[in-house]
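Hello,

Here is the structure I promised you. Please open it and keep it in view while you read my notes below.

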Amino acid sequence: MNTPIKIKIILGSTRQNRFSEKPAQWIFEEAKKLEGAEAELLDLRDYPMPFFDSPISPSMAKGQYPNEVVKKWAEKINDGDAFIIVAPEYNHGYTAVLKNALDVIYTEWNRKPVGFVSYGSAVGARSVEQLRQVAVELQMAPIRNAIHIPVDIFFAAMMGKGPTGSEMFEPIRKGSMGDPVERFFNDLLWWARALKAAREI
Ligand SMILES: Cc1cc2nc3c(=O)[nH]c(=O)nc-3n(C[C@H](O)[C@H](O)[C@H](O)COP(=O)(O)O)c2cc1C
């Protein structure tokens, strides 16, 4: 019970000039400040997995994956107690590279919470809603609170206006209904602790 909660932050875009690096780095720095938790950033660029083509479903593979990169990915996900997915929105959905990373393994995701950091012209809400459906099938617990980066912050960054570092996200913490980042982490850690204890029974 006293071992730290391992939070893995997954960067959901691999494209050149991606914006996702900025919110991923920011939320990673914030997660590192949490007591009783350890955070690690997982960049899908470091896991160039094949487009899923296994003869059997990962849900039947009992954690045995023939591809070496998938094996490495599975080990990292298995090590996690909670996940934060930094999710862009592509054509009102989430990215293909992220879906592939979710599909290539299975048991490693099971019975663990996931929260989302998103952005886009509709704050990435459509992408997150779809990801929640996928997470349920992976036997994960998608948490209610998400961090939807306000459109003004996202658009300013797109147009090269305003701050370029993590300070661009600071206004998010000053919400009229309290600090959504604190709520997000409280929610994620509550589920992570509850499910970790349940997995250890
Ligand atoms: C293929 C593609 C489709 C997109 N579709 C949407 C969309 O449906 N909704 C939206 O808000 N933004 C959309 N965008 C704009 C993205 O929000 C923007 O490019 C963002 O920076 C993508 O995240 P990334 O830079 O981390 O990859 C799209 C971008 C691309 C490349």
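Two strands count as paired if DSSP finds at least two bridges between them. Keep that in mind for what follows. Note also that this is a predicted model.

Start with strand β1, residues 5-11. How does the chain get from β1 to β2? It passes through helix α1, residues 21-32, and this β-α-β crossover is right-handed.

β1 also pairs with strand β3, residues 82-87. That pairing is parallel too, with 5 bridges. Here lysine 8 has phenylalanine 83 of β3 as its bridge partner.

Is β1 buried or exposed? Of its 7 residues, 6 are buried, so the rest of the structure largely encloses β1.

Now the whole chain. It holds 6 helices and 6 strands. Along the sequence they follow the pattern β-α-β-α-β-α-β-α-β-β-α-α. Of the 201 residues, 38% count as buried. The radius of gyration is 16 Å. A compact globule with 201 residues would come near 17 Å, so the chain agrees with that. Look at contacts between residues at least 6 apart in sequence: 80% of them join residues at least 24 apart.

Last, the ligand. It is surrounded by 13 residues, and the closest are Ser13, Ser20, Pro88, Gly120 and Ser121. By class, the shell has 6 polar, 4 nonpolar and 3 charged residues.

Best wishes

Technical notes. Residues numbered from 1 in each chain as written. Predicted model: local features only at pLDDT ≥ 70, side-chain atom pairs only at ≥ 80, totals over all residues. Buried ≥ 20, exposed ≤ 12 C-beta atoms within 10 Å, placed from the backbone. Helix = DSSP H or I, 4+ residues; strand = E, 2+ residues; numbered from the N terminus. Right-handed = clockwise from strand over helix to strand, strands pointing away. Near = placed C-beta within 6 Å. Nonpolar A, V, L, I, M, F, W, Y, C, P; charged D, E, K, R; others polar. Rg over C-alpha atoms; globule rule 2.2 N^0.38 Å. Contact = placed C-beta atoms within 7 Å.
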